[in-house]
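Welcome! Here is a short tour for anyone opening this structure for the first time. Keep the 3D view at hand and follow along, topic by topic.

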Amino acid sequence: MAHQEGVSADAGDSERVSLMNDPKARGLVFQALLIIAVIYLVYSGVTNAIDNLARAGIASGFGFFGERAGFDIGQSFIPYTNDSTYLRAFFVGLLNTMVVAIIGIFFATMIGFIVGLARLSKNYLVQKFATVYVETLRNIPLLLQLLFWYKAVLSILPSPRAGGLEPGVEVVFNLNNRGLYMPRIVPEGGAQLILYAFIVAVVGWILIGRWAKKRQMATGQQFPVFLTGLGLVIFLPLIAFLVTGMPLSLEYASLQGFNMVGGWVIQPEFMALLLGLSLYTASFIAEIVRAGILAVSHGQSEAAFALGLRPNLTSRLVVVPQAMRVIIPPLTSQYLNLTKNSSLAVAIGYPDLVSIFGGTVLNQTGQAVEVISITMLVYLTLSLLTSAFMNWFNSSVALVER
Amino acid sequence: MNNKILSAVVGVTAVASLGATAASAATLDDVKAKGFVQCGVSTGLAGFSAPNDAGDWSGLDVDICRGVAAAVFGDATAVKYSPLSAKERFTALQSGEIDLLPRNTTWTMSRDTQLGLNFTGVNYYDGQGFMVRKSLGVNSALQLSGASVCVQTGTTTELNLTDYFKANGMTYNPVVFEKLEEVNAAYDANRCDVYTTDQSGLYSIRLGLSAPDEHMVLPEVISKEPLGPVVRQGDDQWFSIVKWVHFAMINAEEMGITSANVDEMMNSEDPNVKRILGKEGTFGEGMGIGNDWAYNIIKQVGNYGEVFERNLGASTPLGIARGVNALWSKGGLQYAPPIR
């Protein structure tokens, strides 16, 4: 019995301390109180809003999603007409936002890495140019940059009719104030085979890469993975294109009536937004990249040189992997910023989510609470998804410590 | 640590109870208490609501604000203006940020019934039109198929445009902006072939373009656009005041009372004139304001005809004819119930 008492000595101790003074119990009580208060806050906020909306005679609910939108949208990646529903208009806006964000992230990363490396260059001109780029672009507000690209650069281009184009004559490339016109690739029967060939080539590249790595580990022999992969990606679809009897044709734009007709067009609003977002965010990414590379101690490269690695391999195998773990967390913030900053599109008339859904739909339906809540929820979801992806990426490049 | 949690709980509860305040109903009491009328206007549409050379707001819609201030306070200058985009306007009124919204706003059924708002009347009968460059060689809206069209978001214009092109089997490419100035700039930069909004707006906007003479308004009017002041639903007293400010201006024009002769008219023996000027009856008191309410409006702001001429008429750069906005007795649509 004495032994048993000895075993439960801990329990005996806590009995002696009153519940009021037990830090654990007090912590639990206060946390429970806080949760109740937060739930009450949300509950009273929601019921209060519903009550006031009903009292003010403002329609509420989400029924409007099924109604006919009745307005047109200048740029859409999914079929949309004015007979489509508000729900579809919402998806058009969402897609427009996501497209500009994803392409913007791609270009911002590319430019950012190049400028970041250029800032570390030993070439005086390259290094100074990169410094001027970073200091100029990151210190001017983004909205001003967007207005600059839209109003000062793209708006002053000539209109198609003033640009000396002959009506009906097809042009390959044309940049005017209605957009950048390029030939559109029109697929015909059998064209999907080219796409399949491309996918096979990409998968092949990855597999060859894995095989080559394994072989190098085992035998020390190297294999030209990049050149082989590039060859696959270029020639496999090309062979498919020739074998299937060239099922692709090009459609060119031409001036007809008021505007250019046909071809593939990138609208000036999209161009201005993409330019502004990419160049602005790239200036921050450049600094992040520079910081990441400088964070890798010089001894690491010296050690790599001592082992006989060439400079190219040194940076690819030693410096960059170690820099990545410093780069990725702040890089994630920049990606999130870029996505959220894309809502400035409303200032230059790009039909993004805020413009279509938080603007036109809100105004046509008058249901501010619902529309704004959904818009906020969408940005939250986009940010959390980006964050989750980057966290996964981060853990995959994190330093494995043994 | 526990103290921090405790204070967080207290803070959160305090915020929760603050959030539970109800929307107030008596706008007139609020307005009297703060001493001015908060008026929602456009961000600058010459003739309707725009700052003039001296920096004061003026225009047909602004004169509704001034009229309400004159009726309530006897002082037409007791107004503060909130410039609003088309998108912001209804939310600003619903939330109580402004007391009334005379902002060239089209009276439609859904706005009247679903937004918790009421239109008090029509102070300008308008219709939607198109403006193009003369160099396009277009003389009818039916030739506009394939054009890029600049339009402001959150307007009936955006919907009428869609309907019109659809009904006539034409296509177009919309370029949509939130702010009026952005639409103007885009059209001026030739981003679009066509500018569409209410015809009165087109005349006003044309004057602000870099070369007004190179542009023309097409003859087609594609919609009915009755523009009028808006107030919150559920406050009948305030609704009546705003409604009767407009009616008083029309009745005054009908009776020939102007800002110039209103003092003289005080001696008139005509019972109609005596009633409107508050010499007979207690019409102002019925609305909770002074009986000299209409006198103050006419004296300080003017009758509807004067207001129209001053802001839009032949003497202004806009030079818009009265047309359908003439009095009913002169072949127009402006008609007011009698003060009796």
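Predicted model: local features only at pLDDT ≥ 70, side-chain atom pairs only at ≥ 80, totals over all residues.

**Nonpolar cores**

- B:I297 is one of the residues with the most contacts inside the largest nonpolar core, together with B:V68, B:C150 and B:V245.
- That core holds 89 residues, and its largest share, 11 residues, is supplied by helix α9 (residues 236–255) of chain B.
- Both domain 1 and domain 2 of chain B take part, each giving this core at least three residues.
- Another core, of 55 residues, lies apart from this one and includes A:A69, A:I285, A:I327 and A:I356.
- As background, nonpolar side chains tend to be buried together in soluble globular proteins.

**The two domains of chain B**

- Chain B splits into domain 1, made of 27–125 + 227–330, and domain 2, made of 128–223.
- The C-alpha centres of domain 1 and domain 2 of chain B are 29 Å apart.
- Where these domains of chain B meet, 16 residues of domain 1 are in contact with 15 residues of domain 2.
- On the side of domain 1 of chain B that touches domain 2, there are seven nonpolar residues, eight polar residues and one charged residue.

**Strand β8 of chain B**

- Is β8(B) enclosed or open to the outside? Six of its six residues are buried, so β8(B) is largely enclosed by the rest of the structure.
- B:A147, B:V149 and B:V151 point one way from the strand, while B:S148, B:C150 and B:Q152 point the other way.
- β8(B) pairs with β9(B) in the parallel sense, over six bridges.
- Within that pairing, B:A147 has B:Y172 of β9(B) as its bridge partner.

**Helix α8 of chain B**

- Seven of the 10 residues of α8(B), which spans residues 199–208, are buried, so this helix is largely enclosed by the rest of the structure.
- Its buried residues are B:Q199, B:S200, B:G201, B:Y203, B:S204, B:I205 and B:R206.
- Which elements cover the buried residues of α8(B)? Among them are β6 (124–126), β7 (128–133), α7, β10 (194–198) and β11 (215–217) of chain B.

**A sheet in chain A**

- In chain A, three strands form an open, antiparallel sheet in the order β2-β3-β8.
- The edge strands are β2 (174–176) and β8 (264–266) of chain A, and each pairs on one side only.
- From one strand to the next, the twist averages 20 degrees.
- β3 (residues 179–182) of chain A is joined to β8(A) by three bridges, and A:L180 stands opposite A:I266 in β8(A).

**Where the chains meet**

- The contact between the chains takes in 44 residues from chain B and 42 residues from chain A.
- On the chain B side, the elements giving two or more residues are α1 (2–18), α4 (89–94), β8 (147–152), α6 (156–167), β9 (172–177) and α7 (180–188).
- Helix α1(B) gives the largest share of that side, nine residues.
- By class, the side of chain B that touches chain A has 21 nonpolar, 16 polar and seven charged residues.

Definitions and conventions:
Residues numbered from 1 in each chain as written. Chains lettered and ligands numbered in written order. Contact = placed C-beta atoms within 7 Å. Helix = DSSP H or I, 4+ residues; strand = E, 2+ residues; numbered from the N terminus. Nonpolar A, V, L, I, M, F, W, Y, C, P; charged D, E, K, R; others polar. Pairing = 2+ DSSP bridges. Axes fitted to C-alpha atoms, helices over the stretch in contact; angles between N-to-C directions. Core = buried A, V, L, I, M, F, W, Y, C linked by C-beta atoms within 7 Å. Buried ≥ 20, exposed ≤ 12 C-beta atoms within 10 Å, placed from the backbone. Domains from an automatic or database assignment.
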